[in-house]
Amino acid sequence: PETPHHPLMTKPASWPSLCLAAQAVEVVPAPVKIVSLRSSRPLSRASCCRRGRMTAAAAWIRGGERRAFFHPSGQGRLAAAAQVCWKIARFLRYSLTFLVLLVRLIAFALLLLPAFLRLGWSYVCNTRISKGIRYGPKSRHLLDVYYPAEAACDAMAPAPVVVAVMGGARVIGHRYWNVQLASRLAEAGVMVVAVDYRNYPSASLPDMVADVELGVDWVFENIASYGGDPSNIAVVGQSAGAHISSMLLLQRSLKQAAERSIDVEGGEG
């Protein structure tokens, strides 16, 4: 015997039979009763929408979708109060976290302030530093030259040179950040050139690499007149300065390799 099927599950032979099968099932929606929080008078859904708020439920936006829940008046007040308490607790939590982090940052800055003041004073008063030497047309195209200590350098031979490129997340970098490293190297008889470059948003990463490249070219061309050895130059970078310096060295290496391959192909031809 055949298993009985629902009228909608059977495959109709024609469009009239499909219409008869659809009429066999009747769906009656359950009435929705919306009660106002301020009074027990029933409200229509259109009235709630016109007022611009769900008066009988807690409504919020979560995950980009608007979800509304209709409750009796007592439960609606409780849900609304719970939502308000939750928002206040979250606000207090974030505010307390922000205040704690701010206090920790201020304490950390106060601990480092004496060392920064000492380094700043030595930078301003040190007579063995040539400050603000221009190497390009831009406002940040400046560099400082740290001369080695007289007791550590040989007057007859040029001093080795270190080109120092500071960090600063490419936003707050300045050549002054090299003062501690440059002072220690100068005491060891090394001439240090602290190169400054433009920061974001006034310049992008390729612009920063171009600035450092221009500064290094200046060092090769002019450091001999300051007592440095142009054949003994090293590049030192810190944080973002290390990244920019490595990008410059890679760019120079690729350029030299391309020129060498062209020369080899031309010689073979």
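Guide: Val-162 has Val-192, in strand 8, as its bridge partner. The model is predicted: local features need pLDDT of at least 70, side-chain atom pairs count only at pLDDT 80 or more, and totals for chains, interfaces and linings use all residues. Residues are numbered from 1 along each chain as its sequence is written, and side-chain values use heavy atoms, with hydrogens and water left out.

Strand 7 pairs with strand 8 in the parallel sense over five bridges, two strands being paired if DSSP finds at least two bridges between them. Strand 9 is also a parallel partner of strand 7, over six bridges, and Val-161 stands opposite Ile-233 of strand 9. These strands belong to an open sheet of five, in the order 5-6-8-7-9 and with mixed pairing. Strand 5 (129-134) and strand 9 (228-237) are at the edges with a single partner each, so one side of each has no neighbour in the sheet. Neighbouring strands are turned against each other by 25° on average, direction ignored. Strand 6 and strand 8, by contrast, run antiparallel and are joined by four bridges; the partner of Asp-144 there is Ala-194 in strand 8.

Why is strand 7 described as largely enclosed by the rest of the structure? Six of its seven residues are buried, that is, under 20% relative accessible area, whereas over 50% is exposed and values in between are partly exposed (1.4 Å probe, protein chains only).

Axes are lines fitted to C-alpha atoms, for helices over the stretch in contact, and angles run from 0 to 180 degrees between N-to-C directions.

The largest nonpolar core has 23 residues; such a core is a set of buried Ala, Val, Leu, Ile, Met, Phe, Trp, Tyr and Cys residues joined through side-chain atoms within 4.5 Å. A separate core of twelve residues includes Val-162 and Ala-182.

Strand 7, helix 4 (179-187) and strand 8 form a right-handed β-α-β unit: with the strands pointing away from the viewer, the path from the first strand over the helix to the second runs clockwise. The loop between strand 7 and helix 4 holds Arg-175, which counts as buried at 10% relative accessibility. Contact means heavy atoms within 4.5 Å; beyond four places in sequence, the residues that Arg-175 touches include Tyr-123, Leu-143, Asp-144 and Ala-194. Ala-169 is found in that loop between strand 7 and helix 4 as well. This residue is exposed, with a relative accessible area of 53%, and has a positive phi of about 60° although it is not a glycine. Most residues other than glycine have a negative phi.

Notes. Helices (H or I, at least four residues) and strands (E, at least two) are DSSP runs, numbered from the N terminus.
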